[in-house]
Amino acid sequence: MTTQSKTAKPWLNDDITAASIDQFLADPCEFFGNSLTNLMSLARKPRERLQLASLKRRFSQFRGSLPMLDKLADSQNINAIEQLEDVTPLLFGHSVYKSYPPSLLDKHRYDQLTVWLNKLTTIDLSHVDVSACRSIDDWMLTLKRETPLFVCHTSGTSGTMSFLPWDSAECDKFIGGYPITQFQHFGQDGPIETRPVNIDCIYPYFRSGGISHAVLNDFVIKHIAGSEERFHAAYPGRLSADMMLLASRYRAAAAKGQLDRLQISPELAARRAEFEIQQRDMPRRAAEFFDTMRTTLAGRRVFIQCANPMLTKLAEDGLKQGLKKIFAPDSLIVTGGGGKGTVLPGNWREMVKEFFGCDNINNNYGMTEGGGFNRSCEHGNYHILPGTIPFILDPDTFKPLPRTGRATGCYAFYDLLPDTHWGGFITGDYLTMEFDAPCACGRNAPYIVGEVKRLSEVRNVEGEEKLSCAAAPGAYADALDYLNEGTA
Amino acid sequence: MKQFKAGIVIRGEWIQDHLVEFGGRSTGITFLSPDPKQYLGRLPLPTPQDMSDLYKLSFDDVLDYIERLGSRLKLSDNPYLQEALEASCLTSSLTPPLLRQAYETLPYLFNREGAREIADNTIGIGHLEGWVTKTLNDGRKVSIRAFGARALHIIAGNSPAVAGVTILRNAITRSDAIIKSPSNDPFTALAIARTMIDMDPNHPLTRHLSVAYWKGGDEALEQKLYQPRHIEKIIAWGGFASVKHVTKYIQPGLELISLDPKRSVSIIGPEAFADENTMHEVALRLATDIGAVNQEGCICARVVYVLSGTDEAGLKNINRLADLTYTAMINLPEAVSTTPKEMGPELRSLVNTARFNDEWFHVVGGEKDEGAIIASQLPEPVDFASQLANRVANLVPVDDIEEVCAVVDAYTQTVGVYPESLKHALRDRLALYGAQRFTSLGYAAYLTLATPQDAIESTRELCKWVVCEDCDPAVTPPLWEGGEMFKGIAG
């Protein structure tokens, strides 16, 4: 049972004790008395005092124990953090999480890939025997089984996947905080949700997999659904990382007219039947999924978390079938991810409301690489959670712009939540952050103003557009076609 | 900061009013230039008939003009070029010494014998000078002449030479050119055009060149100008977005000559490791292919395949070659290569990340943004191969030449090869994969204009190839008498 603290307010203390930092880093929601209002009301000075103390803690914790950070810090001779900006030269670029030679995957050198990943996490992977792994799926499942890691992957059009060394504690903090960060309304001290919330959760894609949402499904079950039975995924299996990678390579090769040079490993070819069955069953599964919503779940309070285009597609498909307002009005929709390369219809929000029958649509700004899921207020501004230290970098130099007033540039952050990997990251997003002026919503936290663009878009250069999970189904089908063609 | 003022040149007239501001942070300067909308109606040639003055010139007259112009393009004497250099130092990705060198070499481009060779090799002076007549097997006499066209040139700005080459080709082909200046070089074409006006304002070659700046993608303007009634050909240089953007205006009567964005590779055979001297020579040649014009050209090597083998000895060799290449690159003459102007934080981060993964990459240099040589320790290029720039190159060890064929594609312009025998062995195969130019290692950036470019005959394509036939019914049986088409072609 979650309790809301009304008395002690350690976040306001001038002197931040080691114990307060421990408590904040272990569970920021608990630290703020399990109150979203408290979480988002901390004035700038005490907030940054807390963040700086926590950042120093993270730096001393990881310096000397995380080889990739050490190399970066050594190369710049950085041995201490005195102010928040000091961390900016140590933020990881997106390339860090995909800095392994791609051929390791083709050649099944998962031993070397594990050694590489171990430079990015303090969790000891040296004992894990991955010698029998013959696919990315194998490797990820082995790590999940043998260690606290919940490795998460992304996929780029270059044909290389990033691997993020998430761990279970981090995912617990993230989704475990949802009853506060997503279910509560700012400024309203309403009833506190229990943890788990024990409501039905729906997910219009695969039950499991290595993409961020699929990884988090385990934790949605733990903290929100309360049981596997209350979690309803459209497709029961696992979204194969190997197939996603093939899909992304297929697209890259097709774009360059080099499909003749694309090679498929015999192991992946051997799984053709498995993927075919999965693909063939998708329409039937989707129909069953809608049946479940229409019958079993109708009128119930539900929770759904998925990327925006997928959510809109679900609503569109449901409305086409005549399904309207099928869930209880106190249901909760957690989404984000913007258009992700697809253009959302102007009335997506209305369609979603019409289908689900609820007004609680939390639009969030976040990414696989961390930085929290930062909810948009009623004025359309994404407010940054106190567990994340935001920076705006000059796009030409990656030097930090002053954290005062409004700054526009490349978004970067340090995410204080992860206990076993470095939380500093430079995103590919270009946006405007307001550091000082209060938002009319009353939250006291820096916020993103206006549209989030891709830096590459702003610079009008090609490349580095992400093949996101939202666009994956089409690519998956293309890849399956190719797999059939190549092995028939 | 100095306020630069550009102008518009319209067929011998220099105009500098209705000034509005262009440029900005991404351009490096802001500059004033006439509002192109005010002059849009005057940019196209009113009627094709107006090109007839060009045909009163002999080819020797054209060469005379080119030679005179060349003598006026000395940087030290030409204030327009001096201003262009000053502006380019702010707008260009090239550093001042490289820009200065590029401007210093402009007079060579406008050399009489050089121009004659370009014309003769790429088109044929006979076809430019008049009708070239031949009798065909079926008895008809055909005469073919290369006429100039009304062309719009959307030029690249990575080197001032591009503006020079465009003006030279326009003169050789007796065409009418509208040059849209690029934001990274808004002044060079103008400077040459103004020099032409000072030299001979009423000369037909002066009066068939217009130069203007507008923001690329200005649809209101481009939609009106890019019409077959105004222009016959659009020559679009580099930049995926720019070429892609232009394609939407292409329609019957308006042809696109696309000089697409390209990349270049080098291939080095095992002979490079024969002895220490050879290795030093290969390193110097390779450093030149990588470092010349600070790797800003499509001709510069970025990924380099080395047939060193991938065993321990092979890796030792390639790492040594990387060390030597880096040293040679750093020591290239200042007029050829310098520390790049701006490495950019993303590339810096990519190079550093490779450095931190030292079991897979041997990274030499790059700590001061001066350029770096990354030797892969596995037979595959870095994941960011498409982003290699600013004197950052990737040497990739391979065991077999087959591995190299797999990476050559339609984007591959130049392939610099060592030794010569390997080049001759590879050229037929790699041409099929898309490679467009093979040259001796070290000569990738040493260009000639007297050849096709990007596997197309771009200078030749600037012309309209017009045919005139003389058919005598006594010799060529006519259709009206039941003559059968094509029957005569066997002779």
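The model is predicted. Chain A has a mean pLDDT of 87, but parts of chain A fall below 50.

**Contact between the chains**

- The contact involves 23 residues of chain A and 19 residues of chain B.
- On the chain B side, two elements, α11 (240-246) and α14 (345-356), each give two or more residues.
- Helix α14(B) supplies the largest share of that side, with seven residues.
- The chain B side is made up of ten nonpolar, five polar and four charged residues.

**Helix pair α3 and α9 in chain B**

- Two packed helices are described by the angle between their axes and the distance between the axes.
- For α3 (residues 79-91) and α9 (residues 188-199) of chain B, the angle is about 175° and the axes are 8 Å apart.
- An angle over 145 degrees counts as roughly antiparallel, and α3(B) and α9(B) are therefore roughly antiparallel to each other.
- From α3(B), the contact uses B:Y80, B:L81, B:E83, B:A84 and B:S88; from α9(B), it uses B:T188, B:A191, B:R194 and B:T195.
- By class, four residues of this contact are nonpolar, three are polar and two are charged.

**Three-stranded sheet in chain B**

- Strands β6, β7 and β20 of chain B form an open sheet in the order β6-β7-β20, with antiparallel pairing.
- β6 (132-135) and β20 (464-470) of chain B are at the edges and have a single partner strand each, so one side of each has no neighbour in the sheet.
- Direction ignored, neighbouring strands of the sheet are turned by 25° against each other on average.
- Seven bridges join β7 (residues 141-147) of chain B to β20(B) in the antiparallel sense.
- B:K141 has B:D470 as its bridge partner in β20(B).

**Confidence in chain A**

- In chain A, 90% of the residues reach a pLDDT of 70 or more.
- Where pLDDT is low, the predicted coordinates should not be read in detail.

How values were computed
Residues numbered from 1 in each chain as written. Chains lettered and ligands numbered in written order. Predicted model: local features only at pLDDT ≥ 70, side-chain atom pairs only at ≥ 80, totals over all residues. Contact = placed C-beta atoms within 7 Å. Helix = DSSP H or I, 4+ residues; strand = E, 2+ residues; numbered from the N terminus. Nonpolar A, V, L, I, M, F, W, Y, C, P; charged D, E, K, R; others polar. Axes fitted to C-alpha atoms, helices over the stretch in contact; angles between N-to-C directions. Parallel < 35°, antiparallel > 145°, perpendicular 65-115°, else oblique. Pairing = 2+ DSSP bridges. pLDDT = per-residue confidence, 0-100.
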